[in-house]
Amino acid sequence: STATGAVTGTVPVPASNALGYDLVAADRNGTYFVVAAPALNQGERLYKFRLTRAGRVTGFAAVPVGALASTTRAADALAVSPDGSRIALGMGFVAAPMLCGNGHLCPRQPRPDYVLAINLATGHRTVWHWARSPVVHSFAVESLSWTSDDRTLALMGQWCPSGRTNQTCARGYHL
C-alpha cells in the first residue's frame, strides 16, 4: 500500500532466480509479467498476474511460451507492449566462472546480449542480434521499452570497443 506501507500481497514466483534478475513489467491494462527461474538449470520462464484494487495478487499463472532461453542465458531487461500482446527481453550470457591451471579466472570470449521478442498469442519468437563488428567487443541490453502505438521497441544498450573496460564503454538508444 502506498498509503500505509503495508504489504498487501506477494507474487508467488516459484523460486528465486538463480540465473539472473527477477524482472517485472506491466501492460496498460494492468496485467503484470514477471521473469523467474523455477529451478536451477531449467531456464527462465514467464509468468503473469493481476492486482486487485486492494493490492492482492490474482490470476498468477505461467505464460505458455516455454523456457525463454537455454540455461546459459538470462533475461536482464523486460518490456511488455502496451496492449499486452508482445514481450521483449534482453538476453545476457551467464556462466559459472572457470579457473585456469594457474588458479586465476580464465578469460571468456564475450557473448553479446540479444533481444528476444515473443508474440504472446502465437508463441512466435523473433531474435535480434547486435551486428558483428571488428571494432565492437561486446554489447549489453540495459533497458527496453515499447512505444505507445505498440509498433516500435526502444532499446538502450552498452557496447564496448575491443580491448576496453566497462569504464570506457558507450551507451545509446536505438529504435
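This is a selection-by-selection tour of a predicted model.

**The four-stranded sheet**

Start by selecting strands β1 to β4, which form an open sheet in the order β1-β2-β3-β4, with antiparallel pairing. β1 and β4 are the edge strands; each has a single partner strand, so one side of each has no neighbour in the sheet. From one strand to the next, the twist averages 20°.

Move on to β2 and β3, where 6 bridges join the antiparallel strands. Val35 has Leu46 in β3 as its bridge partner.

β3 and β4 pair in the antiparallel sense over 4 bridges, and Arg50 stands opposite Thr58 in β4. The two strands form a hairpin with 5 residues between them. Select Gly55 in that turn to find a positive phi of about 85°.

**Aromatic pairs on the sheet**

How many aromatic pairs does a search of the whole structure find? It finds 2.

For one of them, select Tyr32 and Phe49. Their ring centres lie 5.2 Å apart and the planes are at 10°; with planes under 30 degrees apart counting as stacked, this pair is stacked. Colour by accessibility: Tyr32 is partly exposed at 28%, whereas Phe49 is buried at 5%.

For the other, select Tyr47 and Phe60. Here the centres are 5.4 Å apart and the planes at 10°, so this pair is stacked as well. Tyr47 is buried, with a relative accessible area of 6%, and Phe60 is partly exposed at 25%.

**The nonpolar cores**

Now select Leu46 and Leu89. Of the 19 residues in the largest nonpolar core, these two touch the most other members.

Apart from neighbours within four places in sequence, Leu89 is in contact with Val35, Leu68, Ala75, Ala77, Leu78, Tyr114, Val115, Leu116, Ile118 and Leu144. Val35 is the residue already seen as the bridge partner of Leu46.

A second, separate core has 10 residues; to locate it, select Ala88, Phe139, Trp146 and Leu153, which are included in it.

Side chains of opposite charge can pair when their charged atoms come close. Select Arg28 and Asp150, whose side chains meet at 3.3 Å, N to O. Arg28 is in the loop between β1 and β2, and Asp150 is in the loop between β9 (136-146) and β10 (153-161), so the pair ties together parts that are 122 residues apart in sequence.

Methods:
Residues are numbered from 1 along each chain as its sequence is written. This is a predicted model: local features need pLDDT of at least 70, side-chain atom pairs count only at pLDDT 80 or more; totals for chains, interfaces and linings use all residues. Side-chain values use heavy atoms; hydrogens and water are left out. Rings of Phe, Tyr and Trp (its six-membered ring) pair if their centres lie within 6.5 Å; planes under 30 degrees apart count as stacked, over 60 as edge-to-face and the rest as tilted. Buried means under 20% relative accessible area, exposed over 50%, partly exposed in between (1.4 Å probe, protein chains only). Two strands pair if DSSP finds at least two bridges between them. A nonpolar core is a set of buried Ala, Val, Leu, Ile, Met, Phe, Trp, Tyr and Cys residues joined through side-chain atoms within 4.5 Å. Contact means heavy atoms within 4.5 Å. Axes are lines fitted to C-alpha atoms, for helices over the stretch in contact, and angles run from 0 to 180 degrees between N-to-C directions. A salt bridge is a side-chain nitrogen of Lys or Arg within 4 Å of a carboxyl oxygen of Asp or Glu.
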